[in-house]
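This report goes through selected backbone and side-chain features of the structure shown below. It moves from loop residues to strands, then to a helix and the aromatic contacts.

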Amino acid sequence: RILSYHSAMAPMEVIMQDVRRAFQRLDPGNKGLVSRSNLANVMLKVLQGQVPEKDILTMIDSSDLCMVDYEAFFSWLSGQPSSELRPKTPAAANLKAQPHAQKLQSSFAASASLHEHYKPDWRDELRVGSQVTVWVKGEQKSGWENGEVSHMTVSKDDLKLQVNTVKGKTWEGPMRSPDLLPNMGDRGMKVGHLRAFVAKCRSRIEEEQIKDPRTHVDFEKNHPNPQHGELLDFNSAPTGLVVDLFVRPDVRERRVPFVDLLAQQFPEFGGPKQATHFASHSWGSLFVDLVAAFTDLDDEDAIWICCFAMTQDAERLELVDNDEVFAESLRRKDTAHVLVCDKPMHALTRMWVLFELLRSVQFGKTLYLRPLKALKNMAGNSQCSIQMSKCGCAREHDKIYIEGEMEKIGGVKALNSRVRQGLVGAFQLGMQEASNVKSGGEEGVARMRALLGSVYAEQGQHKEAVVELQGVLQTATRLWHGERPHTISQVDMTDWRLFLAQALSSAGNDTEAVEQMRIAIREEEKCTAQRAGNNILLLYNTLRRSGKFVEAGNELVKAEDALRKLRALVASGGTGVGSSADSIEAELHLKVGQQLSHYEWRHAEAEIEFRAAYKLRVNLLGADHVRSALALYNLAHALRRTHCVVEAEKIYREVLAVQVQHCDPQHLDVLNTRMNLAIDLGHQGKFAAARQELEDVVKLHRAKNPDHPKLAIALVCLGDVHRYECQWKSAQEKYHAALAIYNNAKNFEHPNEIAWACVSLALSQFPAMELDAAEVHLQRALEKNVELFGEAHVAVAQVLAHQGTLQRLRGNFDAAREVYARAMDIYEHAKDHHAEGYHWIRKHMKLCEQRSKVVLCTAVEAVAKCGGLDDAAAIDWATLFDKAVELSRLEAPISLSSPAQDAFEHGGRTDCLLAAGAP
């Protein structure tokens, strides 16, 4: 210890020389006897005044005369025998106290640190007078006994200790013996140790690929473990499993408690220390819950945890000789008692925990509940009730002993009363702590009060329970109506109100109890109707996203019925879910609009639904809420698809302004909005701006997730812009890259996106007369659209029209006419909501009659290049398509091969546009 102060100031050889010279002056007779004051002077001189004298004196036992074995001392320092100073008598090699003298404190720890194979050990801090526990062997019985270090005998190879036990026995053994352990109260595992242990376990799981050995997740083996044989999920591992996998294997050889190994395994935190906290917990609870109970403590705080503090060897259990060995740590005045909580409160099913709680109350301890967040999902009185038939012990002897101790205080009833005294105090303390939490503190107080109310009710203090539960409901109602973030569910509210009714009835107020029960039932009915509506809408959304539009549409009818029921319940009065009906109605308008727009292509009707959804969302949440922005986002889609592109652009930019307030610029929603804004810019003929926006979106997608289908759709959009600008090769590169992503995507369920990419690729192949390849892509697109929409959908008609054009380019006008006729039949029935399609196919059929090979662009490109209008109702589609044909003939022809040149009957250039089914 002393030398460690000086090790940085001088080489070890210099220190040894100084020590030798000092001893020669003080002990000229080389007897090995040095007074305490002279020994202090030696150290003061060696340390050159770097350490105050008072600190030196505290390092040396109060002794008038000390024995020094010079040879052993310098052997430890240098590893070589010393001939300069040698005691004259062999007896001087023993540091046993002489008359009127005590031993010199061992310097074994400091000197041992210089040895090559030194390992840190808590025993390095031992000295004469230290309190320890030793394994005393007997002829018939062996066991652990507390005692005090009385002698420390130095030899050249080791340090031997003698311990006098409290039972009058003497133990002798080497300092590193596994039979020498700290007293039970000094077996605290520091929080730093605990955190390091968790990190080590997680690392070992990955490095050693440790599998979950449990066939069942419960002790009774009623529930099979779905993760059996899989890589262990440490977060779901109960404490008992952690002990089996990571504690017992490490202590098996030395047969010691895990705390004995702390200094070796985690030297940065040293060895165990006197416990500042005592943990009562269940081995069936998650180990991470145990750790979470102490996350707010410092690394140096120490916790007494039974699985680490007690020996795991069946033949060396401390409980064999002491049924209340835990009490040594718990009864200390400055030790805090912590009950480790989880949602089912497993701890209250352990007889040992109940016994610890009983002793805690008897010791006058304050009980702390940790972690507080584990209590927020608890409700009702079942979690805090004690049912002895469900409480167990690993050893039958322990169970018999604990039951006997309980009978001494009046049995289970008295135990319940005593334990709940501690729980009441703990909940009251928890409420004070929760009220100091900046975020969610009010909710935390409410949940604590609910649990406190249930404890009061169990104790028969019904008036006190009523006060607490009424306060809980007031707080919860305020949180609900204030729209503040919280996790209080309607189930919580119903349970708390029913518990209040029970307490009121028990307190003699049956009239109020009946009214509270009626309110609870009415609110539960509203909640059920609300959940039904929300669940139906969620199901619709999932079905729609997976392309099952018909089935999704059927769910909307059910959602409308659920909304009517909810409106009727809200009209009946009471509190709770009034605004929820408006929320569901807003969601229903949104989903109906999506069904109309995305599936039926009735975009004008969808616009009405989206505007209604937006209005409701703004009233409920405000215009700057992301849910309001979602309604606007869909409204912009509908407007763009009806060619109101200027208004759509404005709305897309409003949506972006809201999204960037809440999301990262690389968030998928932000990138989707930017992509659709670019589509709209292209629709307006602003190709350069559209291309720039899409190139940035593609770059961000590739950096974040190069295999995501959203990258594929962005590539298709970018390819379309290149195609509008007659950059056929660049367009095809984008389409091929998109299809590669789609082909490799697993469980991808959006065939319309694949159809879009295939049609766009085929159209880009028309100018070079790559008609065979285009035919393959168009056929795939047709199959995908038929799969999704059915054979009579406008999306199918668009692909048929492109297939008819392909036949015209080949000169197969009869075949083209047949295909166009199939498309016309579909468009004829969609004239009321898709007028441009009807006029588009009529122009195709007219070109076919003229035996023309000019490629007519789609409505989107016609608006972009010829229209310049933002009012869909004012568009004269027949005139617009006539202009598109003339533009195709006037534009400069591109460079084609001879077969391609033959395709131009009127000398015009083939031109094409957006894929069928494009969003």
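Cys726 is partly exposed, with a relative accessible area of 27%; buried means under 20% relative accessible area, exposed over 50%, and partly exposed in between, with a 1.4 Å probe and protein chains only. The model is predicted, so local features need pLDDT of at least 70 and side-chain atom pairs count only at pLDDT 80 or more, while totals for chains, interfaces and linings use all residues. Residues are numbered from 1 along each chain as its sequence is written, and side-chain values use heavy atoms, with hydrogens and water left out.

**Loop residues with positive phi**

Cys726 sits in the loop between helix H27 (709-724) and helix H28 (728-744). Helices (H or I, at least four residues) and strands (E, at least two) are DSSP runs, numbered from the N terminus. The phi of Cys726 is positive, near 65 degrees, in a residue other than glycine. Most residues other than glycine have a negative phi. Met769 is another non-glycine residue with a positive phi, of about 60 degrees. Met769 lies in the loop between helix H29 (751-765) and helix H30 (771-789), and Met769 is buried, with a relative accessible area of 18%.

**The open sheet**

Five strands form an open sheet in the order E8-E10-E9-E11-E12, with mixed pairing. Its edge strands are E8 (189-190) and E12 (367-370), each of which pairs on one side only. Two strands count as paired if DSSP finds at least two bridges between them.

Strand E9 covers residues 277-280; His277 and Ala279 point one way, Phe278 and Ser280 point the other way, and all are buried. In a regular strand the side chains alternate between the two faces of the sheet.

Which residue of E10 stands opposite His277? The residue is Ile303. The chain crosses from E9 through helix H10 (residues 287-292) to E10 in a right-handed β-α-β crossover. Right-handed here means that, with the strands pointing away from the viewer, the path from the first strand over the helix to the second runs clockwise. In E11, the bridge partner of Ala279 is Val338. Leu339 stands opposite Leu369 in E12.

| Strand pair | Bridges | Direction |
|---|---|---|
| E9 and E10 (residues 302-304) | 2 bridges | parallel |
| E9 and E11 | 4 bridges | parallel |
| E11 (residues 336-340) and E12 | 4 bridges | parallel |

Strand E5 (residues 159-165) is mostly covered, with 5 of its 7 residues buried. E5 and strand E6 (residues 170-174) run antiparallel and are joined by 5 bridges. Asn164 has Thr170 in E6 as its bridge partner. The hairpin has 4 residues between the strands, and Gly168 in this hairpin takes a positive phi near 85 degrees.

**Helix H23**

Helix H23 (residues 626-641) has 16 residues and reaches 23 Å from its first C-alpha to its last, close to the 22 Å expected at 1.5 Å a residue. The expected span is 1.5 Å times one less than the number of residues. Because 13 of the 16 residues of H23 are buried, the helix is largely enclosed by the rest of the structure. H23 is followed by His643, whose phi is positive, near 70 degrees.

**Aromatic pairs and charges over rings**

A search of the whole structure finds 18 aromatic pairs. Rings of Phe, Tyr and Trp (its six-membered ring) pair if their centres lie within 6.5 Å; planes under 30 degrees apart count as stacked, over 60 as edge-to-face and the rest as tilted.

Phe326 and Phe355 form an edge-to-face pair, 5.7 Å centre to centre with 70 degrees between the planes. Phe326 lies in the loop between helix H11 (306-309) and helix H12 (327-330) and Phe355 in helix H13 (residues 351-362), so the pair ties together parts that are 29 residues apart in sequence. Both Phe326 and Phe355 are buried.

The ring centres of Tyr633 and Tyr652 are 6.4 Å apart and their planes are at 70 degrees, so this pair is edge-to-face. Tyr633 lies in H23 and Tyr652 in helix H24 (residues 645-662), so the pair ties together parts that are 19 residues apart in sequence. Tyr633 counts as buried at 15% relative accessibility, and Tyr652 counts as buried at 0%.

Ring pairs also link Phe197, Phe234, Phe246, Phe258, Phe287 and Phe308 into a cluster.

Arg316 lies over the face of Trp135, at 5.1 Å from the ring centre. The charged end of Lys831 sits over the ring of Tyr838, 4.8 Å from its centre. A charge sits over a ring if NZ of Lys or CZ of Arg is within 6 Å of the ring centre and within 35 degrees of the ring normal.
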